[in-house]
Amino acid sequence: GLNSSIVTIVLFSSETSKLKYIDYAIEQSFKRKKGLVGIDVHNMKNDVGDKDSEGKNPFKKFYVKKGKEKIYLKRIFPTYEWINDLGYNNINEWVEGIAKAIKE
């Protein structure tokens, strides 16, 4: 899926932020100069109506060095909350905004 995309959407919650493939997708997307958008989905209800607890933002694990300074991906790429930031209505804007920024 990374080969044909310009932007990688990273969904996370307390469970998904622990998965190794999340780190792989972030690392590979960044190496391939793709945009990243983080979406915290912890407030969404699952099929039995339960909500997951908030997870760690995986963008806080990765950084680039600029001189001696570490710049974490959290400062470079946006992160949203699906429920609180009205993801259903705004996801297109989030992705298009990053796609435009990458192309510039």
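The accessible surface of the chain comes to about 7,200 Å². Carbon and sulfur atoms contribute 51% of that surface. Accessible areas were computed by the Shrake-Rupley method with a 1.4 Å probe, and for residues only the protein chains shown count as cover. The model is predicted: local features need pLDDT of at least 70, side-chain atom pairs count only at pLDDT 80 or more, and totals for chains, interfaces and linings use all residues. Residues are numbered from 1 along each chain as its sequence is written, and side-chain values use heavy atoms, with hydrogens and water left out.

The chain has 3 helices and 5 strands. Along the sequence, these elements follow the pattern β-α-β-β-β-α-β-α. The radius of gyration is 14 Å, close to the 13 Å that the globule rule gives for 104 residues, so the chain is as compact as a globular protein of that length. The radius is taken over C-alpha atoms, and the rule is 2.2 Å times the number of residues to the power 0.38. Helices (H or I, at least four residues) and strands (E, at least two) are DSSP runs, numbered from the N terminus. Taken along the principal axes, the C-alpha atoms fill a box of roughly 45 × 25 × 25 Å.

Of the 104 residues, 35% count as buried. Buried means under 20% relative accessible area, exposed means over 50%, and partly exposed lies in between (1.4 Å probe, protein chains only). Among contacts with a separation of 6 or more, 66% come from residues 24 or more positions apart. A contact here means heavy atoms within 4.5 Å.

Charged side chains number 19 positive and 14 negative. The centres of the two sets lie 10 Å apart. Lys and Arg count as positive and Asp and Glu as negative, while His and the chain ends are not counted. Each charge is placed at NZ of Lys, CZ of Arg, CG of Asp or CD of Glu.

The structure holds 2 salt bridges. A salt bridge is a side-chain nitrogen of Lys or Arg within 4 Å of a carboxyl oxygen of Asp or Glu. One joins Asp23 and Lys61, with the closest N and O atoms 2.8 Å apart. Asp23 lies in helix α1 (residues 20-31) and Lys61 in the loop between β2 (35-40) and β3 (63-66), so the pair ties together parts that are 38 residues apart in sequence. Lys61 is partly exposed, at 44% relative accessibility. Another salt bridge links Arg75 and Glu69, at 3.3 Å from N to O. Arg75 is exposed at 59%, whereas Glu69 is partly exposed at 38%.

Glu81 belongs to strand β5 (residues 79-81). Its relative accessible area is 23%, so Glu81 counts as partly exposed. Leaving aside neighbours within four places in sequence, Glu81 is in contact with Asp40, His42, Asn43, Glu54, Leu86 and Trp94. Glu81 and Val10 are 71 residues apart in sequence, and their C-alpha atoms are 12 Å apart.

Backbone angles were also examined. Most residues other than glycine have a negative phi. Lys33 is not a glycine, yet has a positive phi of about 60°. Lys33 lies in the loop between α1 and β2 and is exposed, at 67% relative accessibility. Leu86, also not a glycine, has a positive phi of about 55°. Leu86 is found in the loop between β5 and α3 (87-103), and is one of the contacts of Glu81.
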